[in-house]
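Thank you all for coming. I would like to take a few minutes to go through one structure with you, beginning with the whole chain and then turning to a single residue.

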Amino acid sequence: MIKQGELVLLVGPRGKRVMRRAESGNDIHGNDGILKMEDIMAAGYGSIVFTHKEKPYRVQRPSLHDLVKGVKRQTQVIYPKDIGYICMKLGVGNGSKVIEAGSGSGSLTLAMSWFAGEKGEIHTHEAREEFMKLARRNLDWAGVGKNVTLYHHNIENGFLVDDADALFLDVRDPWDYVKFIPDAIKPGAMVGFLVPTVDQVSSLLTELEKGPFDEVEVSELLVRNWKPVPDRLRPNDRMVAHTGFLIFARHQEGLEALEGHKYVGTRERKQEAARKERLAAAKEESAE
């Protein structure tokens with residue numbers, strides 16, 4: 001028996017997916033006919049219900065993947081393929097305290113709230129009030145978000161929270177805010193960023209070089225599904241390709257102690273020389 005107020009996912013015979021809240025009278029009307037919510041609630045998850053035209057619909061409990069894809073959006077959302085890797089790299093789990101900036105429609109916020117559990121804290125900053133309100137509505141709709149605090153705040157002067165276990169930025173110019181990160185996180189914490197273009201990646205990497213960050217990683221995740229037919233197993237014609245670049249780093253003080261202890265080949269020597277030139281040029285520019 002499905003409880004009053006729960007979200008229900010209905011999947012039609014042709015794969016059409018409809019998500020509704022289980023409330024008395026919230027019937028579903030469509031080309032396949034009418035689905036009575038009372039019948040859906042009585043049938044329970046994992047069952048089949050029929051419209052008045054005898055069309056079968058599967059009754060399913062929405063997964064986190066379904067919830068993330070079902071949020072109302074006014075902005076570009078972060079896709080499930082990226083969200084999973086982000087949460088893994090940042091170590092988001094029960095009891096985690098995470099700072100986010102660039103809430104947008106709240107798809108990542110929703111997932112982090114789910115993973116952080118009752119003991120976790122998600123502190124998300126959004127400069128535009130309409131997006132902050134949309135993120136809150138999406139969290140309430142998904143039935144999560146009790147561990148989320150939303151701030152209508154532009155991070156140009158820093159974050160409103162500190163001592164975080166991890167931090168993630170989904171903003172246009174993340175390199176402008178890297179300088180505020182060390183004061184907002186615990187020593188050794190992971191930080192992550194999402195940007196759509198290679199120029200943004202380069203600008204961010206240049207800023208991260210100034211420290212104190214180590215273990216920098218740049219990733220792009222591509223997902224290609226296959227047709228699940230045993231005797232004709234082949235890739236689908238379409239795939240979820242580029243949605244953005246993910247950049248991760250770990251906060252690390254005292255990196256100068258590693259000088260002279262790393263393996264340095266010809267390539268590494270050239271890269272290190274170029275890095276020192278960039279840092280020297282940046283230092284001269286800031287002095288002017």
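What follows is a short walk through this model, which, please keep in mind, is a predicted one.

Let me begin with the chain as a whole, which has 7 helices and 15 strands, and whose C-alpha trace spans about 75 × 50 × 30 Å along its principal axes. Of the 288 residues in the chain, 41% are buried, while the accessible surface comes to about 16700 Å², with 48% of that area belonging to carbon and sulfur atoms. If we take the contacts with a separation of 6 or more, residues 24 or more positions apart account for 61% of them. As for charge, there are 41 positive and 42 negative side chains, and the centres of these two sets lie 9 Å apart.

Now I would like to turn to one residue, T109, which is found in helix 4, the helix that runs over residues 107-116. Is T109 buried or exposed? Its relative accessibility is 0%, and because buried means under 20%, T109 counts as buried.

Note on methods:
Residues are numbered from 1 along each chain as its sequence is written. This is a predicted model: local features need pLDDT of at least 70, side-chain atom pairs count only at pLDDT 80 or more; totals for chains, interfaces and linings use all residues. Side-chain values use heavy atoms; hydrogens and water are left out. Helices (H or I, at least four residues) and strands (E, at least two) are DSSP runs, numbered from the N terminus. Buried means under 20% relative accessible area, exposed over 50%, partly exposed in between (1.4 Å probe, protein chains only). Contact means heavy atoms within 4.5 Å. Accessible areas come from the Shrake-Rupley method with a 1.4 Å probe; for residues, only the protein chains shown count as cover. Lys and Arg count as positive and Asp and Glu as negative; His and the chain ends are not counted. The place of a charge is taken as NZ of Lys, CZ of Arg, CG of Asp or CD of Glu.
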